[in-house]
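Morning, everyone. Please have a look at the model on the screen, and then I'll take you through a few features.

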Amino acid sequence: MFRGIVQGRGVIKSISKSEDSQRHGIVFPEGMIELVDIDTVMLVNGCSLTVVRILNDTVYFDIDQALGTTTFESLKEGDQVNLEIHPKFGEVVGRGGLTGNIKSTALVTGVEEDEAGFSVFIDIPKSLSENLMVQDDIGIDGVSSPITDMSNSVITLHYPRDLLANTNLAMLKKDVKVNVEILNEW
């Protein structure tokens with residue numbers, strides 16, 4: 001389990017594609033690169049991936065099975081991704097723990113800002129939204145948050161402003177797709 005708390009924001013430096021897989025090279029933020037090694041398991045935009053190579057400030061991940069259920073296929077060089085390193089054995093994860101098992105993508109239908117932060121409206125696929133309720137935790141691009149409102153399959157999440165500095169949440173806007181992990185699966 002992961003905490004669902006982003007530790008840093010990386011920038012995609014390179015993407016190599018083959019017929020059924022991709023290798024993403026991600027430039028890690030200063031101070032975070034020292035925390036990973038080959039075979040480190042971590043979340044990249046909420047998806048559990050394993051480090052396969054490290055070269056200077058760039059960490060490489062191979063992506064294959066996750067291509068069909070995530071936004072990785074649409075990412076491009078220069079895009080920013082949320083990063084979280086797997087906690088050490090025995091560390092407390094907390095209420096909104098994530099597994100890194102992305103079930104699907106969802107579409108952002110709107111973003112509203114106010115003095116306290118910003119609210120994001122996300123249309124969750126019906127197959128995933130049927131058991132969701134207000135106050136349930138959900139993972140969006142590796143950020144675990146409680147649902148603050150819900151109307152049919154559109155959920156509302158509210159984020160405080162301080163999350164903008166360390167995550168890619170500032171780039172969320174209408175018609176952007178995000179990775180979704182449902183935490184209360186039955």
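What volume does the largest pocket have? About 320 Å³. Keep in mind that this is a predicted model.

Who sits around that pocket? It has 14 lining residues, and the closest to its centre are L75, D79, Q80, V176 and K177. Sorted by class, the lining has 5 charged, 5 polar and 4 nonpolar residues.

Now the sheet. Six strands form a closed barrel, in the order β7-β8-β11-β10-β9-β12. The pairing is antiparallel. On average, neighbouring strands in this sheet are turned by 45° against each other, ignoring direction. As a reminder, strands of a sheet pair through backbone hydrogen bonds, either parallel or antiparallel.

Strand β8 covers residues 117-123, and strand β11 covers residues 154-160. They pair antiparallel over 7 bridges. Which residue of β11 stands opposite S119? That's H158.

Last topic: backbone angles. Most residues other than glycine have a negative phi. Here are two with a positive value.

Take N45. Its phi is about 50°, and it is not a glycine. N45 lies in the loop between β3 (41-44) and β4 (47-55). Is N45 buried or exposed? Buried, because its relative accessible area is 2%, and the cut-off is under 20%.

Then Q135. Its phi is near 85°, again positive without being a glycine. Q135 is in the loop between α1 (126-129) and β9 (137-140). With a relative accessible area of 45%, Q135 is partly exposed.

That's my set. Over to you.

Definitions and conventions
Residues are numbered from 1 along each chain as its sequence is written. This is a predicted model: local features need pLDDT of at least 70, side-chain atom pairs count only at pLDDT 80 or more; totals for chains, interfaces and linings use all residues. Side-chain values use heavy atoms; hydrogens and water are left out. On a 1 Å grid over the protein atoms alone, a cavity is a set of points where a 1.4 Å probe fits but cannot get out, and a pocket is an open set with protein on both sides within 12 Å along at least five of seven lines; lining residues have an atom within 4 Å of a point. Grid points are joined across faces, edges and corners, and a volume is the space filled by probe spheres set on the points. Ala, Val, Leu, Ile, Met, Phe, Trp, Tyr, Cys and Pro count as nonpolar, Asp, Glu, Lys and Arg as charged, and the others, Gly among them, as polar. Two strands pair if DSSP finds at least two bridges between them. Helices (H or I, at least four residues) and strands (E, at least two) are DSSP runs, numbered from the N terminus. Axes are lines fitted to C-alpha atoms, for helices over the stretch in contact, and angles run from 0 to 180 degrees between N-to-C directions. Buried means under 20% relative accessible area, exposed over 50%, partly exposed in between (1.4 Å probe, protein chains only).
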